Amino acid sequence: MNSDQTSQTRTRARSVVQDVAERLADPRYVAEHTTPVPPGLMGTLLAGGHAGVALLFAELSHDDGRLRQAADAHLAACARGMKGSAARVGLFSGLAGLGFACDAVATGGGGTEHAVLRDKVRAAVDPTALRLSATVRDRLRGAGGLQMLDYDLLYGLTGVGTYLLVESISKSGAADDTVLRSVLDTLQHFDGTRDVDGIPVPAWTVGRRTPASPHGYVSLGLAHGVAGPLALMSTALLHGVQHSGLNRAVEGLAEWCLTQLRDDGQGRPAWPRLLEIDATGRAAPTAPATLLGWCYGSASVAAALHRAARALGRDDWADRARAVLLDAFRNTNDLARVTEPHLCHGWSGLLQIVLRTGTPGSPDPELSTLATTLAERLLDQYDPAAPFGFRTDLGLPHGRQDEPGFLLGAAGNALALHTYATGRPPASGWDMALLLAAPA
């Protein structure tokens, strides 16, 4: 792929980002044109609400300060419309998401009028985070069944920890926070086992028991699996957190992931979505389904392993992560199943992973070429007739939906395109919500 084609794609990306931003600037227009979805489908706030849209303007305001007004307007709309969400603390559907958006807006010099809101969010999150951390720790010791939503990035402890890490960095410049340390201390225990009916299984094993998987299953991806805690702990190390056992936990989980590579059915190593736990307490030696997305699969786990490699200085892990990532895009079956534009399991999430993989300051021609290909796939789904420039399929009746938000909507698509178009890491740190960000 030549430089002229890359330049043309970047120009096209900049134009689409500008158009999407103009469509999303007014919270009232966004509310009026969003396809209604069942309550609780993806939550509100960061995933699909005004807080997620605010992330787009938090990032763009670093180049155009006038856009801080739009970021502030969406934060205010989010705060007004929280309703029952105030009882939840998760990153993508609770208070932590609103706090994360406030932090992102503050990076551009805006959001000062939301300082009180930011402090109120933190005050509400802290005690709940400590209770959740204690609950997960007890369940890892065998006190009750562990649920995916207890610990995952979207709704659970990993997401809350991500917000706390961002908070700590933004306020003090150093990650030194007692609540954050409690969360990290609990997540360290994922590097180990717990007993289910006297059988030692991976600590984060969840799910129903069936004859095929009598002791449940484990998830591997960033959204709901072990890659989330691995990426968070690695990112904490990269930001200078020194906590007893953290290095050991990162090393143990990274090595475990490396042992779970399976043949993708086309002769290449790949990480599956899920692995069933057999009667011996080990991941069943089958060839489970793979997936190409940010949420699950090889690209997802490779992103987490790459951060672990940077945190512990393991070039061998980094090389392996890069190789499996590139191989994932050679699986024609998985590639054919990518049909959506969004961050979760669409083109924009894959684009952001590729853009954030590699050694800072050392261009990687193969990854750069792949990024341009992915940007073009995403741009091909731009629809100027759609209210927000993109439509997505949320699995609801009546065709594709108009979704403005971050994880499944137009704001997230525009953010990934902006990273591609500018050729630089996000100034606002918005992709920390995906556990893709790391210090330069």
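Is Tyr382 buried, exposed or partly exposed? The views below, taken from a predicted model, start with that residue.

**View 1. Tyr382 meets Phe390 edge-to-face.** Tyr382 comes out as partly exposed, with 23% relative accessible area.

**View 2. Phe406 and Trp430 bring distant parts of the chain together.** Here the ring centres lie 5.8 Å apart with the planes at 85°, so this pair is edge-to-face too. Phe406 belongs to the loop between α17 (365-379) and α18 (410-422), while Trp430 sits in the segment after α18, 24 residues apart from Phe406. Both Phe406 and Trp430 are buried.

**View 3. Four rings make one aromatic cluster.** The members are Tyr151, Phe190, Trp204 and Trp256.

**View 4. Two arginines sit over tyrosine rings.** Arg273 places its charged end over the ring of Tyr296, 4.5 Å from the centre. Arg10 lies over the face of Tyr420, with 5.4 Å to the ring centre.

**View 5. Cys295, Cys344 and His345 carry a UniProt "binding site" label.** The label comes from an unreviewed entry. These residues span 51 residues in sequence, yet no two of their C-alpha atoms are more than 6.0 Å apart, so they gather at one spot. Look for Cys295 in the loop between β6 (274-276) and α13 (298-312); Cys295 is buried, with a relative accessible area of 5%. Leaving out residues up to four places away in sequence, Cys295 touches Gly221, Leu222, Ala223 and Ser300, plus Cys344 and His345.

**View 6. His345 is partly exposed.** Its relative accessible area is 34%, and you'll find His345 in the loop between α15 (332-336) and α16 (347-355). With residues up to four places away in sequence not counted, the contacts of His345 include Leu292, Gly293, Trp294 and Cys295. Val338 and Leu408 also touch His345.

**View 7. Helix α11 is largely enclosed by the rest of the structure.** What makes that so? Of its 12 residues, 11 are buried, among them Pro229, Met233 and Leu237. The helix covers residues 227-238 and reaches 16 Å from first C-alpha to last, close to the 16 Å expected. Just after α11, Gly240 takes a positive phi of about 90°.

Note on methods: Residues numbered from 1 in each chain as written. Predicted model: local features only at pLDDT ≥ 70, side-chain atom pairs only at ≥ 80, totals over all residues. Heavy atoms only, no water. Helix = DSSP H or I, 4+ residues; strand = E, 2+ residues; numbered from the N terminus. Expected span 1.5 Å × (residues − 1). Buried < 20%, exposed > 50% of the residue type's maximum accessible area, 1.4 Å probe, protein only. Phe/Tyr/Trp six-rings, centres within 6.5 Å; stacked < 30°, edge-to-face > 60°. Lys NZ or Arg CZ within 6 Å of the ring centre and 35° of its normal. UniProt positions renumbered as here; feature names shortened; annotations may be inferred. Contact = heavy atoms within 4.5 Å.
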